[in-house]
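Colleague: I have just opened this entry and would like to learn how its features are read. Could you take me through them step by step?

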Amino acid sequence: MPDQTPYIGRAMKRVEDPRLIKGIGTYVDDLRLPGLLHACILRSPYAHARIQRIDTTAAKAIPGVVGVFTGPEVNDSCGLVPCAAAIPDLKAPKHTVLASDRVYFVGHAVAVAVASDPYIARDAIDAIDVDYDPLPVVVNPEEAVKEGTPLTHPDLGTNVAFTHSVAGGSNIDDAFKRADRVIKHRLYHQRLTPMPIEPRGAVASYHAGEGTLTLWSSTQIPHLLRTLLPGMIGVAENKLRIVAPEVGGGFGAKLNVYAEEALVSHLAMRLNAPVKWIESRRENAASTIHGRDQIGEYEIAVKNDGTILGIKSRTIADLGAYNQLLTPMVPTLTGLVLTGCYRIPAVKIDIVGVYTNKMSTDAYRGAGRPEATYLIERLMDVIAREMGVDRLELRLKHFPAPTEFPFATSCGLTYDSGNYQGALTKAKQLAGWDQLLKERAAARAAGRLFGVGVSTYVEICAMGPSAAMPAGGWEWGCVRMEISGKVTVITGVSPHGQGQETSFAQIAADRLGVPIEDVVVLHGDTNVAHYGRDTYGSRGTAVGGTAIVMCIDKIVAKAKALAAHLLETTADHVEFANGTFSSPGVTNREIPWAELAGAAYIAKSLPAGFEPGLEASSFFEPSNFTFPFGTHICAVDVDRDTGHVAIKKYIAVDDCGPQINPLLVEGQVQGGIAHSIGQVLFEQTVYDENGQLLTGEFMDYAMPRASDIPEYVLGHTVTPSPVNPLGVKGVGEAGTIGSTPAIANAVLDALEPLGITHLDLPMTPERVWQAIKTRTAATV
Amino acid sequence: MYPANFDYKRPATVDEAVALLAQHGDAAKLLAGGHSLIPAMKLRLAQPKVVVDIGRISTLSYIREAGGKLAIGAMTTHQEIAASRLLQDKCPLLPETASHIGDVQVRNKGTIGGSLAHADPAADYPATILALDAEIEVAGPNGRRTIRAGDFFVDLLQTAIAANELITEIRVPVTAKTVAYVKTEQKASGFALAGVAAVISPSGVRVGVTGIAAKAYRATGVEQALKGQMTANAIALAATHAADGVEPLSDIHASAEYRAHLAQVNTRRALERAVSRG
């Protein structure tokens, strides 16, 4: 008999961890196949150039080199790299697997060498001779939209990929006519490099006899890859097996179909040998998607009492050179939650997507929601300051009441459930808000720069209803009660750090009344998890977990029918509790799972028409997104002499609905905040005026480290979602979404006594110091 | 990620190492802790034909007091220096500096000789070596010779060591506790954007600065301006000379202006801290 305490809600350590900590997990690079060949890719050192000539003769002559291939030799056999975003009138360049006659960004794949070992493949790359004719380079998206500037893709005739305009709510012009004040602001969300600890990698193996291909890839989306790869390599979906083994972090960077996945597949077929490609860190920085890079200009119509009547925004999104899977869709997500957790009656959103000679931007942790939240939460502070109202009062004034949910926003979404006041109140309590303000007053009196920042956020999770998704937003699951009474859970989501091997086992163990040790959760192999839409957009538990619950419900119903037969009663007289079927009042007999499963599979005595076995699969189609929310509060000290920002206190109250495993929730929130500490204080992807990437490795790209992370005070409120039976919302990105503005607002609050009202991200020590210097006498 | 082909030699003695350098000339590179050479080789920025690994020359790893000075073998790791009771007691600036280098893994492998020979303009030791007026002993075909710290750093990644020589020992003086190393890190790499080492002794003040310019330097302007005055005002005033006469580097991590400013701030802070330890 298992412990009666439910597993759901327990802070359990992850069952995934021991193998990862011991170094006995299997990542793509750990795969060793007989006859494995190694691919290495030659990448462009130029941001924009015409390829005059490529000579691979010397490279091919190196002993151990099996083949060297250029764009013209490969592109005809591989389809274009897909973009799944449905953007009307999108002007898109042809995204071939290798560059054809031009390169469009530093890191653009030009040729591939395949050899018997990776050292020789690398030698071969050095021996390829390419003549480049450099062309004018486009790096600044604001310049790129002007007439007469150079073109990223001359054949498109413009740098503008698309324009997207949405107006929502009441009439925006009326809102601005009624305004007492119009406040204008400009905000830049800098380009970031996701930098998962494991770079990308792929191994392809072709079975010529069967015509089947297996691709192991460090991806978040094995199922979407299985859907999209056939169009590139000509192997049918049902002859294609995709395996995402251990994946060392994704953060959206592996929510993509990359040229290299098609390339190694093609090479494995072409050479009839398994081929491995493992990305180097430099390649990862240059040739795996970047995030953010949106410039926004805003106008806000307000009344004298701070009431917000409407917002107009104009965003320029730097897409980079090509559309990856969701590239042009990400800035439109920004528009979806621009009103944050506020009642803002009118919005007008204009987005211009622009091509530049850089790596593509795409979904990076939060994808659009961090951008939107940063904007609205900075603007709330700007409005509060400009209109002389309290920043918390301003926020409270615009919150919908908890009774107003489901709440329709002027951006066109319907927020499922919420109690924004509750989260704000709790965060204030945990932070000791009034005390913090006293500390600030004392610090200011002593000449110290101490600031307190707040952000209240709502975000979009559980992606999502299929109607709103590019390729289906349902999720699939399968649960099998094995003959032994052990439970196998198979999910179509593809966890790569989220911990669903643990949290789904908690759900299954509770619902089936079995010990958690008896549950195994399988994922990430399309031959095992036959269908799925994978892991992104904080969808795993809310959508994938629900599919598991549906399977369990089916199994329990079927088991009850069999139990009724065995107990010689009817199903409505069968009780199921703690993994045991009984019929009190009818018989004292109790049937545990192992006995029942044995009966179901051995099948000697089944009711008439009863199918043997105890297995169920389900597709769950959510009716809406979920909308987690919360309040983050941050206190910082700014060093006047150096501009260095030190986070003194960090409080986060997040509401993701009921928590399956609070330890996993806390881990997600902590990691998310760490991402934002990097983004606000030091991280940035830098290209110079020639399109050269200056942050191509960890020597130059500043990642947050353990010593940058303060001790967090984490709290939560629980507002269930009506969208799924677990009531869960999702928490994978909330930390990042809520914290960027909280930290930025704290820094600017610290600098307020000096009259500093704005700083671009990242607020590096030098940027802060320069701002201080212009407003104070230089001090040493 | 994958270096070019190279031969690997592992001498057991200094004489063998010197002989290998003589034999292979410019084609050879010495491998000490490997924290500069190996990353450069993996990126193929360095492609030595012969790597001479001096990591197993056991006679190059020691910390001892000799002749009124402290002698440190070139292959002594940063961690050994940071943890040395002898140094903490008699030359605390060196362990303080070593504790600022990289992280624990780097400090466990990286060596003082390797770091000095590489002469990265943003390494930590150079500031301290200059402020301590240390001596660097090198071995070559003609035996051993000593280079004064002030003569050691020639330019960006260039030292007074000849191609056929290797560092064998670093000698530093016994000092009082009135020393300090104050560093602002380059956020990505952890190297010094501005590292200032200060030594206050009865005979005067010495200030070494790293990270600011193409090579580390003695802030003689600061030393002269102090004229033995160690009041807060005198220190603040003197610190304004911390970047006098140098051409600060400028890159995405810090402008020349900010580097010069950090040199001044950290000089003041290092001097204040050193004074406070008296």
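Colleague: Which domains does the assignment give for chain B?

Modeller: Domain bounds come from an automatic or database domain assignment, and for chain B that assignment gives domain 1 (1–175) and domain 2 (179–276). Residues are numbered from 1 along each chain as its sequence is written, while chains are lettered from A and ligands numbered from 1 in the order in which they are written. This is a predicted model, in which local features need pLDDT of at least 70 and side-chain atom pairs count only at pLDDT 80 or more, whereas totals for chains, interfaces and linings use all residues.

Colleague: How many residues of domain 1 of chain B are in contact with domain 2 of chain B?

Modeller: Two residues are in contact if their C-beta atoms, placed from the backbone, lie within 7 Å. By that criterion 25 residues of domain 1 of chain B are in contact with 25 residues of domain 2 of chain B. On the domain 1 side, helix H5 (93–98), helix H8 (125–131) and strand S8 (153–155) of chain B each supply at least two residues, and H8(B) has the largest share, with six residues. Helices (H or I, at least four residues) and strands (E, at least two) are DSSP runs, numbered from the N terminus. The C-alpha centres of domain 1 and domain 2 of chain B lie 24 Å apart.

Colleague: What is the make-up by class of the side of domain 1 of chain B that touches domain 2 of chain B?

Modeller: Ala, Val, Leu, Ile, Met, Phe, Trp, Tyr, Cys and Pro count as nonpolar, Asp, Glu, Lys and Arg as charged, and the others, Gly among them, as polar. The side of domain 1 of chain B that touches domain 2 of chain B has 14 nonpolar, six polar and five charged residues.

Colleague: How many residues does each chain bring to the contact between chain A and chain B?

Modeller: That contact takes 18 residues from chain B and 18 residues from chain A. Helix H11 (232–239) and helix H12 (256–276) of chain B each supply at least two residues of the side of chain B that touches chain A, and H12(B) gives the most, with five residues. By class, that side of chain B has 11 nonpolar, five polar and two charged residues.

Colleague: How is the overall form of chain A read, and how many helices and strands does chain A have?

Modeller: The secondary structure of chain A comes to 21 helices and 28 strands. The radius of gyration is taken over C-alpha atoms, and the globule rule is 2.2 Å times the number of residues to the power 0.38. For chain A the radius of gyration is 28 Å, close to the 28 Å that the rule gives for 780 residues, so chain A is as compact as a globular protein of that length. Along its principal axes the C-alpha trace of chain A spans about 90 × 70 × 50 Å.

Colleague: In which order do the strands of the open sheet with S22, S23 and S24 of chain A run?

Modeller: Strands of a sheet pair through backbone hydrogen bonds, either parallel or antiparallel. Two strands count as paired if DSSP finds at least two bridges between them. Here three strands form an open sheet in the order S22-S23-S24 (chain A), with antiparallel pairing, and the edge strands, each pairing on one side only, are S22 (575–577) and S24 (587–592) of chain A. S22(A) and strand S23 (residues 580–583) of chain A pair over three bridges, and A:Phe576 has A:Phe581 in S23(A) as its bridge partner.

Colleague: Which helix packs on this sheet and touches S22, S23 and S24 of chain A?

Modeller: Axes are lines fitted to C-alpha atoms, for helices over the stretch in contact, and angles run from 0 to 180 degrees between N-to-C directions. Helix H17 (residues 540–566) of chain A touches S22, S23 and S24 of chain A, and its direction makes about 50 degrees with that of S23(A). Helix H18 (residues 593–602) of chain A also packs on the sheet, touching S23 and S24 of chain A, at about 75 degrees to the direction of S24(A).

Colleague: Is A:Leu567 buried or exposed?

Modeller: A residue is buried if 20 or more other C-beta atoms lie within 10 Å of its own, exposed if 12 or fewer, and partly exposed in between, with C-beta atoms placed from the backbone. A:Leu567 has 20 other C-beta atoms within 10 Å and is therefore buried. A:Leu567 lies in the loop between H17 and S22 of chain A, and its contacts include A:Val574, A:Val586 and A:Ile591.

Notes:
Lists of a residue's contacts leave out its neighbours within four places in sequence.
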